[in-house]
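Reader: Before I plan any reading of this entry, could you take me through the chain and its ligand step by step?

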Amino acid sequence: MSNAAATSIQRRGFLLVLSSPSGAGKTTLSRRLLEDNADFVMSVSATTRAARENELEGRDYYFVKDAEFDAMVDRREFLEHAVVFDHRYGTPSKPVFEALEGGHCVLFDIDWQGTQQLTENVREDVVTVFLLPPSLDELARRLKARGLDSEDVVQTRMAKAVDEISHWREYDYILVNHDLEETAAQLQMIVGAERLRLERQTGLSDFVRTLT
Ligand code: 5GP
């Protein structure tokens with residue numbers, strides 16, 4: 001392929017959803033994916049829950065009051081929104097479309113409810129991945145080890161994990177996180193394959209015309 005032909009194959013970005021029960025390794029995998037793929041940006045959600053220690057406004061979440069969240073819903077600023085663990089979470093639409101228009105891919109850490117809405121709203125651009133823990137015991141161990149939540153909250157998260165896991169069939173890809181390195185490599189394979197999908201290589205028709 002000549003360089004001129006190769007550069008005519010422009011790419012269209014996509015939206016990558018990574019869902020899992022808390023503690024399955026999602027945060028670490030997301031960080032890795034962003035480090036390894038310069039064209040990816042993370043979608044920053046708005047939430048009504050309080051910030052945890054080490055969380056930064058605008059980097060981890062936009063922390064808003066209920067009334068502000070209501071106003072954002074009324075102004076139709078969310079691509080999706082849902083109640084998770086008694087708090088409200090929503091994905092602001094504007095940065096997502098700006099990123100796509102800028103040729104970027106966007107990574108989402110949202111639950112199954114948000115994934116359903118996102119898939120309905122922007123179907124052809126969404127790729128969904130569900131991350132499963134190797135066992136419930138391991139999930140409990142990881143939740144306790146990270147020490148972010150009180151014992152009560154850990155118990156609630158374990159109960160919710162079973163509910164979250166029940167939605168695994170609604171996703172395009174399923175990863176079981178036995179080993180972080182291996183799972184990160186598998187996630188990267190998914191990204192690589194999705195980049196090659198016909199509809200994401202927007203300049204392909206012109207290029208193929210040069211071959212026929
Ligand atoms: P955490 O409070 O631990 O940061 O997140 C709790 C859950 O809320 C996670 O399962 C996460 O995927 C989900 N979540 C975070 N942001 C959003 C969002 O914007 N929309 C939806 N639907 N879920 C979200």
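Author: What follows is a short exchange about a predicted model, beginning with the chain as a whole and then turning to the ligand.

Reader: Where does the ligand sit, and which strands each supply at least two residues of the shell around it?

Author: The ligand sits in the largest pocket. The shell around the ligand has six nonpolar, four polar and seven charged residues. At least two residues of that shell come from each of two strands, namely strand 5 (78-84) and strand 6 (87-92).

Reader: Which residue has a side-chain N or O atom 2.7 Å from a nitrogen atom of the ligand, and how much of the ligand's accessible area does the protein cover?

Author: Two side chains face oxygen atoms of the ligand: a polar atom of Ser-45 lies 2.7 Å from one oxygen atom, and an N or O atom of Arg-49 is 2.6 Å from an oxygen atom. For the nitrogen atom, the residue is Glu-80, at 2.7 Å. Of the 510 Å² of accessible area that the ligand has on its own, the protein covers 94%.

Key: Residues are numbered from 1 along each chain as its sequence is written. This is a predicted model: local features need pLDDT of at least 70, side-chain atom pairs count only at pLDDT 80 or more; totals for chains, interfaces and linings use all residues. Side-chain values use heavy atoms; hydrogens and water are left out. A polar contact is a pair of N or O atoms within 3.5 Å; within protein, one must be able to donate a hydrogen and the other to accept it, and residues adjacent in sequence count only if both atoms are side-chain atoms. Accessible areas come from the Shrake-Rupley method with a 1.4 Å probe; for residues, only the protein chains shown count as cover. On a 1 Å grid over the protein atoms alone, a cavity is a set of points where a 1.4 Å probe fits but cannot get out, and a pocket is an open set with protein on both sides within 12 Å along at least five of seven lines; lining residues have an atom within 4 Å of a point. A molecule sits in a cavity or pocket if more than half of its atoms lie within 2 Å of its grid points. Helices (H or I, at least four residues) and strands (E, at least two) are DSSP runs, numbered from the N terminus. Ala, Val, Leu, Ile, Met, Phe, Trp, Tyr, Cys and Pro count as nonpolar, Asp, Glu, Lys and Arg as charged, and the others, Gly among them, as polar.
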